[in-house]
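Dear colleague,

Please find the structure below, handed over for your records. My notes on it follow directly after.

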Amino acid sequence: AHQYEHSLEVQIPFLQEVQNNLSIVPLALSHLTFGICEKLASALAQAIVDYEHPVLLLASSDMSHYESRSSASRKDAMALERLISLDAAGLYTVVAENRISMCGVIPVVTVLLASLQLGADHAEVVRYTDSGDVSRDTDKVVGYAGAVISKA
């Protein structure tokens, strides 16, 4: 799971900027079955309940990789619809069945499941874009989305 993973390198400086006294428990996840995601999510949710302090769950993922803007945005919309519907099984399935190259689907599914167990009842996409906005190459883009899962 760690061989090609770089999300911690990207996320930690941002987290340190907003939280001086930062403690993290990083998990890098490779491909897992949905059932294992459920078990891991249950363990995470229970650990958070037992900890009795505020905890931020963060999952990092790009969306589609190196497809045309139209293809990437269509595929990414399918995945994001499952996310905002709080449908972890649907997200897991739609990514696999539609060959969406969302590299962090396993962490996102796991965080969604744990969040639901902790009482989350709302998800929203804060922003969606792709690399073509900067590179101007819309033939091979990487999709990016920011989403928040919370109690409404």
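Two strands are said to pair if DSSP finds at least two bridges between them. Helices (H or I, at least four residues) and strands (E, at least two) are DSSP runs, numbered from the N terminus. Please note that this is a predicted model, in which local features need pLDDT of at least 70 and side-chain atom pairs count only at pLDDT 80 or more, while totals for chains, interfaces and linings use all residues. Residues are numbered from 1 along each chain as its sequence is written, and side-chain values use heavy atoms, with hydrogens and water left out.

The sheet

Strand β2 and strand β3 (residues 141-150) run antiparallel and are joined by 8 bridges. Within this pairing, Ala123 is placed opposite Ile149 of β3. The open sheet has 3 strands in the order β1-β3-β2, and the pairing is antiparallel. At its edges are β1 (65-67) and β2 (122-130), each of which pairs on one side only. From one strand to the next, the twist averages 35°. Angles here run from 0 to 180 degrees between N-to-C directions, and axes are lines fitted to C-alpha atoms, for helices over the stretch in contact. Helix α3 (residues 69-84) packs on the sheet and touches β1, β2 and β3, where contact means heavy atoms within 4.5 Å. The direction of α3 makes about 170° with that of β2.

Strand β1 also contains Tyr66. The phi of Tyr66 is near 55°, a positive value in a residue other than glycine. At 59% relative accessibility, Tyr66 counts as exposed; buried means under 20% relative accessible area, exposed over 50%, and partly exposed in between (1.4 Å probe, protein chains only).

Leu86 is located in the loop between α3 and α4, and has a positive phi of about 60° although it is not a glycine. Ala89 belongs to helix α4 (residues 88-97) and is partly exposed, with a relative accessible area of 34%. In α4, the buried residues include Ala88, Leu91, Tyr92 and Val95. The buried residues of α4 pack against α2, α3 and α5. Just after α4, Arg99 adopts a positive phi of about 50°.

Helix packing

Two packed helices are described by the angle between their axes and the distance between the axes. The axes of α4 and α5 come within 9 Å and cross at roughly 170°. This makes α4 roughly antiparallel to α5; angles under 35 degrees count as roughly parallel, over 145 as roughly antiparallel, 65 to 115 as roughly perpendicular and the rest as oblique. On the α4 side the contact is made by Ala88, Leu91, Tyr92 and Val95, and on the α5 side by Val105, Ile106, Val108, Val109, Leu112 and Leu113. By class, the contact of α4 with α5 has 10 nonpolar, no polar and no charged residues. Ala, Val, Leu, Ile, Met, Phe, Trp, Tyr, Cys and Pro count as nonpolar, Asp, Glu, Lys and Arg as charged, and the others, Gly among them, as polar.

Helix α2 (residues 34-51) and helix α5 (residues 105-117) have axes that come within 8 Å and cross at roughly 50°. That makes α2 oblique to α5. The contact of α2 with α5 has 10 nonpolar, 3 polar and 1 charged residues. Among the residues that meet there are Phe34, Cys37 and Glu38 in α2, and Ile106, Thr110 and Gln117 in α5.

Yours sincerely
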